[in-house]
Amino acid sequence: MMQTFDNTEKNYQFYDEEAVRISNKIDEDLKKEQSRRKDAQRRQVKVMLLGQAESGKSTLQKQFQLYYASQALDHERPLWRPVVYFNIIKAVRMILDELDFELSNIALDESLEGEALVHALGPLGDVSFDLARLRSKLLPLVAMEDSLASELNNGVSITGNRSGVYVRAGWQALVTPLSPNRSRALPGSGGPPPAVTHVTNLASRTLLAAQSEIGELWKHPAVRILIDNRRVRLDESAPFFLENVKRISEPDYLPSTDDILNVRLQTLGVAEHSFDIDLAGTRYNWLMYDVGGARGQRHAWVPYFDDATAIIFLAPISAFDQYLEEDPRTNRVDDSLQLFTAICSNKLLKNSHLVLLLNKTDLLKKKLAAGTKVRKFITSYGDRPNTYADVSEYFRAHFIQVHRRHDISRRALYAHFTSMLDIRATQSIIINVGEAIIRSHIAKTGLA
């Protein structure tokens, strides 16, 4: 019995030593993993793109992808085909809808603008037959809008909003990757759902059959007069696509970089994009969050505020003559100023690097050159000259003033005038902004 007890005691001692060794090994592994995760987190840069709907956030995200992950953008090119088709179909439908409304109500408009429009249209005579012919030819194309949007949205719709296609996290899986020849998926991909493939192929064929009528409608004198008189309002990118219909209608069409940058795609919720950025021999993981900017979606931003490295706020200063879709009484520039005030004063963002992009300067220049008066829409502009230099500086000063009055941490504000469609100029800004954000991150985290 004594011998047995002694052996048991030795066995207990052996097992105790083995348990301690295993426990120490586990602790060591946990510490290594914790250190690895901590180091990875310190090299993670979290950037939020904020601003109202249609401010250019998604286009900026694509510009970052073009610069830092161009191979990924090249791989995604085929999936943008149905989205480009949708943008064209929507533009055609909007023109036809506005034509019907304006031409049927023009006699009721007794304003000076209405009289000027009647005078401008007068020499054209009766255009109703000609436009009815175009409408009849384009009806099969327009009829595809809802089915194409439904497939791209995976059945998601927003009540009372017909702005079209929405992008959500993981949306690429619905259409990735359609091959340029329209009939098969890329090798090894598994392909898109059959319904998406079918509706994309049908849209492609219908667009090809209708391309001459689309061109005729876009160049029609009545349409040009109504657009020049601001009676037909289209998405900002619509002219680009309507002027490139012949190229886009080709059977083996593959979207160009300009096509991808110009597409109108409304963001729902928050979409995350990841890029690896090298700076001074060190690789940083750049997480970029593109958010839905409509008023009803802004509550979804808050959970991402807490540890944001930087905020890039986009304000479309070309929108001085536009009003919110969700609130027609609110001027879009006023809404941007209110939203920027909220961002500057938010305590959760007090440690975030702050960048302001006064965007869509190309459209601002076009509107001013066409004679659109800022004071007509923003009375506080007064009698200042209606030139790009004066108007852009007026808006910049207002945003700078908001920052000075409301920024709770008195941090530096980096402000730039931008046009997201100008690849060379935007990428120059991306380099400067990206490096400034990462260097600020290095200083805060102690990385070197």
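1. On a 1 Å grid over the protein atoms alone, a cavity is a set of points where a 1.4 Å probe fits but cannot get out, a pocket is an open set with protein on both sides within 12 Å along at least five of seven lines, and lining residues have an atom within 4 Å of a point. Grid points are joined across faces, edges and corners, and a volume is the space filled by probe spheres set on the points. The model is a predicted one, in which local features need pLDDT of at least 70 and side-chain atom pairs count only at pLDDT 80 or more, while totals for chains, interfaces and linings use all residues. Residues are numbered from 1 along each chain as its sequence is written, and side-chain values use heavy atoms, with hydrogens and water left out.

2. By this rule there are two cavities of 30 Å³ or more. The second largest cavity holds about 40 Å³ of space, and its lining consists of Asn87, Lys90, Ala91, Met94, Asp235, Ser237 and Ala238. Helix α4 (residues 81–105) gives the most to this lining, with four residues; here helices (H or I, at least four residues) and strands (E, at least two) are DSSP runs, numbered from the N terminus. By class the lining divides into three nonpolar, two polar and two charged residues, where Ala, Val, Leu, Ile, Met, Phe, Trp, Tyr, Cys and Pro count as nonpolar, Asp, Glu, Lys and Arg as charged, and the others, Gly among them, as polar.

3. For the largest cavity the volume is also given as about 40 Å³, and the residues lining it include Leu60, Phe64, Ile312 and Leu357. The elements that give two or more residues to this lining are α2 (57–68) and α16, with the largest share, four residues, coming from α16. The lining of the largest cavity has eight nonpolar residues, two polar and no charged.

4. The second largest pocket has a volume of about 420 Å³. It is lined by 21 residues, of which Asp306, Asp307, Ala308, Thr309 and His441 are the closest to its centre. Two or more lining residues come from each of β1 (44–50), β5 (282–291) and α16 (423–445), and α16 contributes the largest share, five residues. This lining is made up of six nonpolar, nine polar and six charged residues.

5. As to the fold, the chain has 16 helices and eight strands. Of its 448 residues, 48% are buried, a term that means under 20% relative accessible area, with exposed over 50% and partly exposed in between (1.4 Å probe, protein chains only). Among contacts with a separation of 6 or more, 75% join residues 24 or more positions apart, contact meaning heavy atoms within 4.5 Å.

6. Ser336 is found in helix α13 (residues 332–344) and is buried, with a relative accessible area of 2%. Leaving aside neighbours within four places in sequence, Ser336 contacts Gln52, Phe313, Ala315, Pro316 and Phe399. Asn386, in turn, sits in the loop between α14 (361–369) and α15 (388–406), and its C-alpha lies 6.8 Å from that of Leu368, 18 residues away in sequence.
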